[in-house]
Protein chains: 2
Amino acid sequence: MHAIRKPYLLFLGDVGSDIFAKTAHGLKDWCPDDCVAQWRLPDCSVDLGLQELAPQAAAAAGARSLVIAVAPIGGALPPHWIPAILAGIEAGLDIVSGMHGTLAAVPAIAEAARRKGVALHDVRQAPAGIPIGTGRKRTGRRLLTIGTDCALGKKYTALAIAREMQRQGISATFRATGQTGILIAGGGIPIDAVISDFVAGAAEILSPDAPTDHWDVIEGQGSLFHPAYAAVTLGLIHGSQPDAMILCHEPGRERINGYPDFPVPALTAAIRHFENCAQLTNPAARVVGVSLNTSRLSPEQRAEAIRAAMDETGLPAFDPVATSIADLVRSFAGTLDHAA
Amino acid sequence: MHAIRKPYLLFLGDVGSDIFAKTAHGLKDWCPDDCVAQWRLPDCSVDLGLQELAPQAAAAAGARSLVIAVAPIGGALPPHWIPAILAGIEAGLDIVSGMHGTLAAVPAIAEAARRKGVALHDVRQAPAGIPIGTGRKRTGRRLLTIGTDCALGKKYTALAIAREMQRQGISATFRATGQTGILIAGGGIPIDAVISDFVAGAAEILSPDAPTDHWDVIEGQGSLFHPAYAAVTLGLIHGSQPDAMILCHEPGRERINGYPDFPVPALTAAIRHFENCAQLTNPAARVVGVSLNTSRLSPEQRAEAIRAAMDETGLPAFDPVATSIADLVRSFAGTLDHAA
């Protein structure tokens with residue numbers, strides 16, 4: 001499993017728009033205390049409002065890792081960023097990248113890291129040594145976010161629920177399965193990069209045995225209704241053995257994003273299918289709430305969408321950005337029966 | 001996709017038992033015309049009954065590839081086999097391995113192959129460049145073998161059905177998803193070695209567009225009821241878009257092999273779940289027969305098991321080793337409606 005040293009110096013390169021800085025904004029939103037400073041090249045137009053420190057100063061201020069927190073066009077490391085990476089290494093910082101190519105594939109970076117003894121983390125790459133799934137029931141409680149499609153709020157919902165649990169004094173850990181989540185958590189496994197034979201096994205080691213009243217809140221990926229990614233989703237479900245699932249959905253989205261021949265399922269059909277699949281490894285698995293992404297709706301439409309989802313499913317529905325989730329967390333974290 | 005040059009020289013090393021020679025026997029059973037000769041080291045106690053030829057003589061007799069057709073203990077290439085591999089390369093043969101480590105990881109083999117210009121095929125390794133699944137419906141017809149568990153006859157059933165189709169004059173191609181199947185077919189993709197994000201995409205390119213009346217008969221893997229491997233199975237189903245599925249089952253097996261906490265499902269429950277999952281990418285997907293592995297049963301028990309499976313499911317049931325499948329193939333290949 002990736003284990004990344006915090007706190008971070010956020011490297012923003014010279015990107016020209018916040019569109020390329022989603023990871024940086026995610027880190028600032030979800031782990032601001034872990035973000036010591038930002039560092040930008042000339043012409044960078046993104047500004048997180050953090051103090052501006054070069055690597056040596058950031059290291060002196062406590063930073064342990066330099067995170068490439070923006071996505072360059074094309075996804076590959078621009079050659080003119082390499083001197084900045086090398087400066088980070090010289091300052092003794094580990095380097096963390098979510099780009100497609102690996103850091104170690106750049107000889108100058110690999111050589112400098114070896115010489116200085118710093119770690120290179122490619123958070124899109126699966127770690128080595130993942131075992132085959134065992135199916136063994138683990139101790140502790142688990143919540144997994146699931147979705148009617150990709151890209152509609154599974155990470156955000158998991159983060160919000162973990163934070164609310166902690167606020168209520170419930171022992172909870174956010175477990176990351178994608179690159180931004182891994183940076184926020186400081187660890188995790190990019191589940192869609194794992195060889196298919198080992199997906200369930202990866203999900204098992206991601207949320208190990210825990211005290212009985214501890215919740216692991218696991219970031220979902222893909223959807224069982226997605227023609228390309230359902231395998232990832234099923235392995236994640238089976239290995240996670242969730243006691244509780246939160247179904248994420250975007251009201252008004254009628255087609256799987258990028259797959260116009262594939263309809264987004266009805267909430268009730270989705271709940272039935274996810275529960276049916278999840279009960280293979282945890283017969284107690286239940287969907288306990290519906291998280292709606294209502295960012296494109298008016299307040300009136302949002303209220304109506306939430307009401308409609310509750311009517312359709314008989315479950316609590318909410319938008320984790322716009323509405324409180326305190327009652328939701330209280331309802332299921334307090335009352336579900338989690339006997340193995 | 002792997003594309004291996006036939007015919008083969010089957011290298012048997014010095015293994016001491018047929019237990020380690022399943023691949024060799026599978027090749028001799030399913031593609032005898034592709035097996036030019038066997039080659040053995042002193043002390044080998046396996047004998048396929050093929051002519052005995054060293055690499056130079058085998059190449060002169062037409063062989064194009066040397067296949068390591070046995071599984072050494074531990075799964076790694078024994079050092080004392082390396083001179084034999086090098087002799088194969090010197091004779092101009094491609095080298096084909098189903099072992100865990102790659103051939104190219106042995107420097108002497110990599111260097112010799114480069115010098116002679118022969119190919120090294122590691123059929124456990126996924127090929128590069130597999131795309132994300134598209135979900136696009138392809139032309140032609142597809143049959144996929146599925147199972148209530150692993151290791152109960154999915155490969156054998158697919159091979160037997162493809163052979164029977166060809167015997168009946170139906171255009172049919174066996175599509176391999178595991179190492180032995182890939183050697184038999186001379187190509188394919190080891191689906192469980194594919195990164196999970198790409199499993200459905202791999203299954204899509206494995207059985208491309210084909211004439212309307214052509215059948216691709218696809219070797220299944222894993223089971224939707226397996227706590228470790230269901231992800232592989234689901235991606236293979238979604239990418240295969242099967243019109244017809246044959247459910248493979250071993251009467252009397254009550255627990256998933258190696259997972260005693262997990263029951264083998266009832267046939268009707270399995271059929272319902274597989275059809276439900278497969279219909280995401282092919283709404284016409286149906287289970288059309290039940291293939292029983294009755295190798296541990298008496299003739300009377302076999303007849304009773306077949307009758308019981310037919311009664312339970314309302315579908316044709318058979319044992320592809322022990323009973324004719326001619327009527328089965330006639331029934332579904334002739335009458336199913338495959339309009340997209």
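I count two strands as paired if DSSP finds at least two bridges between them. The model I am reading is a predicted one.

**Entry 1: the sheet in chain B**

I looked up strand E8 of chain B and found that E8(B) pairs with strand E10 (residues 215–218) of chain B in the parallel sense, over 4 bridges. I picked out one residue pair: Phe174(B) has Val217(B) in E10(B) as its bridge partner.

I then looked for what packs on the sheet. Helix H5 (residues 154–167) of chain B does so, and H5 touches strands E7 (141–147), E8, E10, E11 (244–249) and E14 (286–292) of chain B. I noted the direction of H5 as about 165 degrees from that of E8(B).

For the sheet as a whole, I wrote down an open sheet of 6 strands in chain B, with parallel pairing and the order E8-E10-E7-E11-E14-E15. E8 (172–175) and E15 (317–318) of chain B stand at the edges; each has a single partner strand, so one side of each is left without a neighbour in the sheet.

**Entry 2: two helices in chain B**

I checked helix H3 (residues 82–90) against helix H4 (residues 107–116), both of chain B: their axes come within 9 Å and cross at roughly 5 degrees. Angles under 35 degrees count as roughly parallel, and H3(B) and H4(B) are therefore roughly parallel to each other.

I listed the residues that meet. H3(B) brings Ile82(B), Ile85(B), Leu86(B), Ile89(B) and Glu90(B), and H4(B) brings Ala108(B), Ile109(B), Ala112(B), Ala113(B) and Lys116(B). Sorted by type, the residues of this contact are 8 nonpolar, no polar and 2 charged.

**Entry 3: the domains of chain A**

I turned to chain A, which is divided into domain 1 (2–122) and domain 2 (141–335). Taken over C-alpha atoms, the centres of these two domains of chain A are separated by 29 Å. I found 12 residues of domain 1 of chain A in contact with 10 residues of domain 2 of chain A.

On the side of domain 1 of chain A that touches domain 2 of chain A, strand E1 (2–3) and helix H1 (22–30) of chain A each supply at least two residues. H1(A) gives the largest share of that side, 4 residues. By type, I recorded 7 nonpolar, 4 polar and 1 charged on that side of domain 1 of chain A.

**Entry 4: the two copies**

I compared the chains last.

Key
Residues are numbered from 1 along each chain as its sequence is written. Chains are lettered from A and ligands numbered from 1 in the order in which they are written. This is a predicted model: local features need pLDDT of at least 70, side-chain atom pairs count only at pLDDT 80 or more; totals for chains, interfaces and linings use all residues. Two residues are in contact if their C-beta atoms, placed from the backbone, lie within 7 Å. Axes are lines fitted to C-alpha atoms, for helices over the stretch in contact, and angles run from 0 to 180 degrees between N-to-C directions. Domain bounds come from an automatic or database domain assignment. Ala, Val, Leu, Ile, Met, Phe, Trp, Tyr, Cys and Pro count as nonpolar, Asp, Glu, Lys and Arg as charged, and the others, Gly among them, as polar. Angles under 35 degrees count as roughly parallel, over 145 as roughly antiparallel, 65 to 115 as roughly perpendicular and the rest as oblique.
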